[in-house]
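Thank you all for making time this morning. I would like to walk you through one structure, going from its strands to its core and then out to its domains. Please have a look at the sequence and the model before I go on.

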Amino acid sequence: MIFTLPALILDKSQAKEIDLLVYLLTPKGKICAVAKGAQKSKKRFLNLLEDLTYVRAHLRKPQKGKGLILEGVDLIYLPESPRRDLKKFYFFSYIAETLTYTYPPFLRGEDFLFIVRFIEELDRSEISMQEKFFWDFKWLQICGLKPHLERCLSCGDSPRKIFYFSIPRGGILCHNCKEDSAKYLTFNQIDLLRKVVRIKTLEDLREAMSRVTLEEIKGVSSLMKQFFLFHFNWEPKSLKVMEESYALG
Ligand SMILES: [Zn+2]
């Protein structure tokens with residue numbers, strides 16, 4: 001049986017002899033397929049098996065055996081900027097790594113489209129740490145790990161002016177319930193985090209961030225990074241080198 005799915009290339013590794021094992025993200029979830037002869041015949045795949053290339057994947061399920069065969073791919077979108085911009089290259093590796101090693105229990109079609117559009121928008125944009133903050137937040141949200149931002153997790157009140165945030169508890173605490181390790185957040189920071197829940201594009205993110213100071217943005221970026229590391233309980237290998245590339249400007 002042959003079928004076709006839109007897919008993002010996540011990773012590839014050598015399989016036996018001249019084959020490649022290709023990891024793909026599709027609207028139906030993550031799959032792994034064998035590209036026969038791909039190590040030898042580059043022609044059939046035309047170097048389209050790079051991280052986060054968006055393709056139409058032609059797959060075959062053999063009558064015998066369990067695995068899937070990747071018969072071929074047609075290009076839909078090839079991110080160009082990671083090939084000439086090292087900072088982008090590291091960020092794209094970070095996204096591909098996150099998509100490979102963490103995963104929601106169920107991926108919705110609209111989440112798949114969000115990821116595809118985000119990658120295209122990122123490819124066309126100048127980037128800074130804001131985009132990483134956005135990615136960390138949205139991926140946590142897709143994975144069902146979004147922080148609780150409306151009510152105090154201890155007493156259920158809705159704080160109006162003073163907010164604390166507990167990473168292990170996963171959200172906000174009011175002044176009365178705050179714990180020693182909880183971080184103080186300004187109203188602007190809480191307001192920004194609440195908006196990001198609904199924001200779907202980098203353009204809208206920049207609009208929302210234009211009303212927040214750089215210090216406040218740094219604060220929420222660092223908070224979401226720690227939130228990500230704590231709740232996934234996993235550190236991407238590409239994180240350090242990406243952060244170093246940002247520090248260099
Ligand atoms: Zn409380």
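Predicted model: local features only at pLDDT ≥ 70, side-chain atom pairs only at ≥ 80, totals over all residues.

**The barrel and what lies against it**

Residues are numbered from 1 along each chain as its sequence is written.

When I say strand or helix, I mean a DSSP run, with helices being H or I of at least four residues and strands being E of at least two, numbered from the N terminus.

S3 and S5, by contrast, pair in the parallel sense over 2 bridges, and Val-34 stands opposite Ile-69 in S5.

What do these strands form when they are put together, and in what order do they run? They make a closed barrel of 5 strands, running S1-S2-S3-S5-S4 with mixed pairing. From one strand to the next the twist averages 50 degrees, where axes are lines fitted to C-alpha atoms, for helices over the stretch in contact, and angles run from 0 to 180 degrees between N-to-C directions. Helix H1, residues 86-101, lies across S1 and S2, running at about 110 degrees to S1.

Now let me turn to Leu-10, which lies in strand S1. Is Leu-10 buried or exposed? Leu-10 is buried, because 21 other C-beta atoms lie within 10 Å; a residue counts as buried if 20 or more other C-beta atoms lie within 10 Å of its own, exposed if 12 or fewer, and partly exposed in between, with C-beta atoms placed from the backbone.

Leaving aside residues up to four places away in sequence, Leu-10 touches Tyr-23, Leu-24, Leu-25, Ala-96, Leu-99 and Thr-100, where contact means that the C-beta atoms, placed from the backbone, lie within 7 Å. Leu-10 and Tyr-23 are 13 residues apart along the chain, yet their C-alpha atoms are separated by 5.3 Å.

The largest nonpolar core has 54 residues, and those with the most contacts inside it are Leu-8, Ile-9, Leu-24 and Ile-95; such a core is a set of buried Ala, Val, Leu, Ile, Met, Phe, Trp, Tyr and Cys residues joined through C-beta atoms within 7 Å. This core draws at least three residues from each of domain 1 (2-77) and domain 2 (81-247), with domain bounds coming from an automatic or database domain assignment. Ile-95 touches Leu-52 and Trp-135, again not counting residues up to four places away in sequence.

The C-alpha centres of domain 1 and domain 2 lie 30 Å apart, and 12 residues of domain 1 are in contact with 14 residues of domain 2. Strand S1 (2-14), strand S2 (20-26) and strand S3 (29-35) each supply at least two residues of the side of domain 1 that touches domain 2, and the largest share, 3 residues, comes from S1.

Elsewhere there is an open sheet of 3 strands in the order S7-S6-S8, with antiparallel pairing. Strand S7 (171-173) and strand S8 (183-185) stand at the edges with a single partner strand each, so one side of each is left without a neighbour in the sheet. Strand S6, residues 163-166, pairs with S7 over 3 bridges, and Ser-166 stands opposite Gly-171 in S7.

Definitions and conventions
Contact = placed C-beta atoms within 7 Å. Pairing = 2+ DSSP bridges.
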